[in-house]
Amino acid sequence: MKKLRNIFWMLLFAFSANAQTVNDTIVVYANCEHCIERIEGVLKPTAGILSARMDVSVGKLFVSYNSQTISNDQIQKMVANIGHDTKNYRAADNIYKDLPACCKYERAPLLGKQVKYQTANLLITGMTCAEGCAKGIELKIYQQNGVKFSEVNYEKQKAKIVFDPSKISLQKIIQLIVDFKPENGEINKYEVTVLP
Amino acid sequence: MKKNIIICVFLCLPFIKINAQTSKDQSSINKADTSAGINSIHLLKSAEVTFEKAGTMISISPFKTEIISNKELRKAACCNLGESFETNATVDVTYKDAVSGSKELQLLGLSGSYIQLLTENMPIIAGLGLTYGLNTVPGSQIESISIVKGPGSVVFGPESLSGSINLELKNPSKEVPLFINYYMDENFRNEINIDVAKKINTKWSTLFSFHSDIFNKKVEENGDDFLDMPMIQNFNILNKWKYENGKGFISQHTLRLMNEKRMAGQKQFDYSKSEADLSSWGQKLNTNRLEYYGKTGFIIPSATFQSIGFQYSLVSHAQNGFAGIKAYDASQLSANVRLIYNREIGAHHSINTGVSLKIENTKEQLALANYDRSENVMGIFIEDTYKPDARSTLVLGLRADRFPNKTYLIPRANYKFSINENTDLRASIGVGVRSPHLLAENPAIVFSSRKYILKSNLLPESALNFGANLTHEFLWNYRKGAINFDWYQTNFKNRMRIDYDTDPKSFLIYNQSNASTSKTFQVELMYKILKTVEWKIAYKYLDVITFTDSIGKLSDPFIAKNRIVTSLYYESFNRKWKANFTLNLVGSKRLPAIHLHDSTSKPFLQSPAYQTINLQLTRTFKQTEVYIGAENMLDFKQLTHLTGSDDPYGPYFDVSNIWGPMDGRRIYIGVRFKLSEIKK
């Protein structure tokens, strides 16, 4: 419903568009439903904001606003003020600390304002050994251009991968895991789930 | 053999009894799995490791423990324990004499005899076996080596003065069914290892290991007529049994038989002869050893965690031979037993307490002098591991050991504090006591013409060791690294001093009180400089000094004050290619006075600094691994390691003056074959 309403509003404003209405996509760090509620909840009642939709799966905030009333910068500041890092603003550490436990998202890298690397936490099932499968997958992924860090834990069936999305996609990484064949000739069926 | 059977029967008794007990109370057994139970008994064998990926790891134990895994050992091919520290800065491996190729491990700048060298927590390579003992353990049998700096735990005996090294051999229940290693070098030194592991059933597993090392070529390149390397024939059979019932009962038994023939001396000596005459100088030594050791431990079913561990060893060592016209025969029978009771008290304390007994009978005959003795040392100990919170651990231990001259009280304390998740601080202080073995630990005395003068009866050596250590692991640019700082000091209360300096024609040997200290500082950095390349660099500073009446403060001879080890290790992403490069920079060492032919002596020389490079390339196939490498790539040799070699029966023949490598570059090739279990 929410989605439909947003689309409706967006369409409505698109038709009545004048020079003051701007549609922007802003990078915002968040990870759960609760985050969405808080971010959208603080933006929507704000004067000048026509619509706001936070999508945590892509880490982006879709916002329409009247550029004469409010600016992109001000919106980012507002989001940062309630504890969420954005493309240009970093939330104060004490505010981040006080976020609800479920909202403790992985923070933006400290250096540089641009988010260069993305971290993916994966659940890999079907691994049968620590050395052949887990370590093999870890190194296979680590070998790829654009992958900065790769760690596969056999016991926990979890992988943590840090990569540069401009060089390699998460889909490609998952595909590599699914296609992985261990040295010993075993044929395993790996299934990969992206964890929040 | 009879004794072994008796011991086996004896061991079975508690096992039967306990099996009956265990079935009663399943729940309390399940509380602690076997491995944890055994770990609490055998503190040195801490399987909990923080830096899993690397070949060398710092354990999370409160004792500063460095673990060299078999992955690290395979980086440098070789061959036996003495050659297993090529890539490691903590332990120095040095020659003990310039004829027979005996080597020793040094920790904190102190001679190998001050390290408690343990094999699966028992003192197997000790006493007479120490001289060539490093040769008796083939590298491929070793699962891991733990190095503890500082006095460590009181549980394992009083002997650790500078630290301890514990070897864990391959685990029968985890080994592949068949492993073969063959090694050959450019001088046709041949080594073969065959390990067969078998799981008899879910509880019993066994490992059978055969090793042979044969080197029969006379290599003489430095022009002193003496062989640069001893000729060796070593046959070694090991059989290890392991029983684990999955309910907290574990028992291990290892039997090793070894025969070794060593020959060294002048090239023209007829090595088929059974004694030497004055026409030429030769040395032959034939050693037979029988080692039996093991441990049995079980968890007592009760509400609190309780376990009992029993560790035992029996070593029979017999050697006969000669060095020049001096006959040197010796034999030793030593038995060690240790009973450890472990229990948890409340949520924060774990107590280890028990008794130990060492019985050692030694007979040594050098030329016409007899040096027989027997020593029984009875000890009791108690140790409390206190964990007030998740961040700190304090281990306080006390033991009392009745040596022949008096009873020694040995207190030790180890403290570990985790500053944060990645940073650990450790501090330790403690006492160690040991009895010296004059001839066995100092082969240079046996071989040299230089007289040895024993000025007083030797007393046990004792020292206070204290130090601190900081380890920090970090992630920089998404790559793992670690940095480690060590500082340790050993103050000797009593030390057997071998005085090389006062009289160049003799070794003066006496007890010396409160006159010797060793200080060491080490910093080590490890970082992945490329995705596939790991870089390690370590710097070590050593200052070992003795106060003498005649000269005052004097550095101990043959110890490098500065040493740097750096290595690069490459492993391809598919793990098929591995390469290792190790550079060792050894600083100059103080040399004792040498008495020369023209009756002049050269006091206090310094040896030159030197460097060695070791390389190895390994290619892994499905079940086979081929490696090729070079040791001492730069071919650096100490050419003048023998003093008076032109007249070995003259008064100036001295083999003690060794500070650098005796043999030069060695290029080798080898192959390892592993038959993995076939999975359906």
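Helices (H or I, at least four residues) and strands (E, at least two) are DSSP runs here, numbered from the N terminus. With that in hand, let's look around.

This is a predicted model, so local features need pLDDT of at least 70 and side-chain atom pairs count only at pLDDT 80 or more, while totals for chains, interfaces and linings use all residues; side-chain values use heavy atoms, with hydrogens and water left out. Residues are numbered from 1 along each chain as its sequence is written, and chains are lettered from A and ligands numbered from 1 in the order in which they are written.

## The two chains

Here are the totals for chains A and B. "Buried" means under 20% relative accessible area, "exposed" means over 50%, and "partly exposed" is in between, using a 1.4 Å probe and protein chains only.

Read along its sequence, chain A goes α-β-α-β-β-α-α-β-α-β-β-α-β. Contacts (heavy atoms within 4.5 Å) also say something about each fold. In chain A, 56% of the contacts between residues at least 6 apart in sequence join residues at least 24 apart. For chain B, residues 24 or more positions apart account for 65% of the contacts with a separation of 6 or more.

## A loop in chain B

B:Ser272 sits in the loop between E12 and E13 of chain B. Is B:Ser272 buried or exposed? It counts as exposed, at 62% relative accessibility. Its side chain has a polar contact of 2.6 Å with that of B:Asp270. A polar contact is a pair of N or O atoms within 3.5 Å; within protein, one must be able to donate a hydrogen and the other to accept it, and residues adjacent in sequence count only if both atoms are side-chain atoms. Along the chain, B:Ser272 and B:Pro388 are 116 residues apart, and their C-alpha atoms are separated by 66 Å.

## Rings that meet

Over all chains, the structure holds 27 aromatic pairs. Rings of Phe, Tyr and Trp (its six-membered ring) pair if their centres lie within 6.5 Å; planes under 30 degrees apart count as stacked, over 60 as edge-to-face and the rest as tilted. One of the pairs is B:Trp281 with B:Phe447, edge-to-face at 6.4 Å centre to centre and 80 degrees between the planes. B:Trp281 lies in the loop between strand E12 (249-265) and strand E13 (282-300) of chain B, and B:Phe447 in helix H7 (residues 443-447), so the pair ties together parts that are 166 residues apart in sequence. Both B:Trp281 and B:Phe447 are buried.

Another pair, B:Phe310 and B:Tyr312, is tilted, with 5.1 Å centre to centre and 50 degrees between the planes. B:Tyr312 is buried, at a relative accessible area of 3%. There's also an aromatic cluster made of B:Trp204, B:Trp241, B:Tyr243, B:Phe249 and B:Phe298.

Charges meet rings too: NZ of Lys or CZ of Arg counts as over a ring if it is within 6 Å of the ring centre and within 35 degrees of the ring normal. B:Lys170 lies over the face of B:Phe179, 3.8 Å from the ring centre, and the charged end of B:Arg495 sits over the ring of B:Phe492, 4.6 Å from its centre.

## Inside the cores

A nonpolar core is a set of buried Ala, Val, Leu, Ile, Met, Phe, Trp, Tyr and Cys residues joined through side-chain atoms within 4.5 Å. The largest one has 34 residues, and B:Ile509 and B:Val655 have the most contacts inside it. Helix H6 (438-441), H7, strand E24 (479-499) and strand E25 (506-530) of chain B each supply at least two of its residues. Which of them gives the most to this core? That's H7(B), with 4 residues.

Leaving out residues up to four places away in sequence, B:Val655 touches several residues, including B:Ala444 and B:Phe447. A second, separate core has 28 residues, among them B:Ile68, B:Leu117, B:Leu167 and B:Tyr488.
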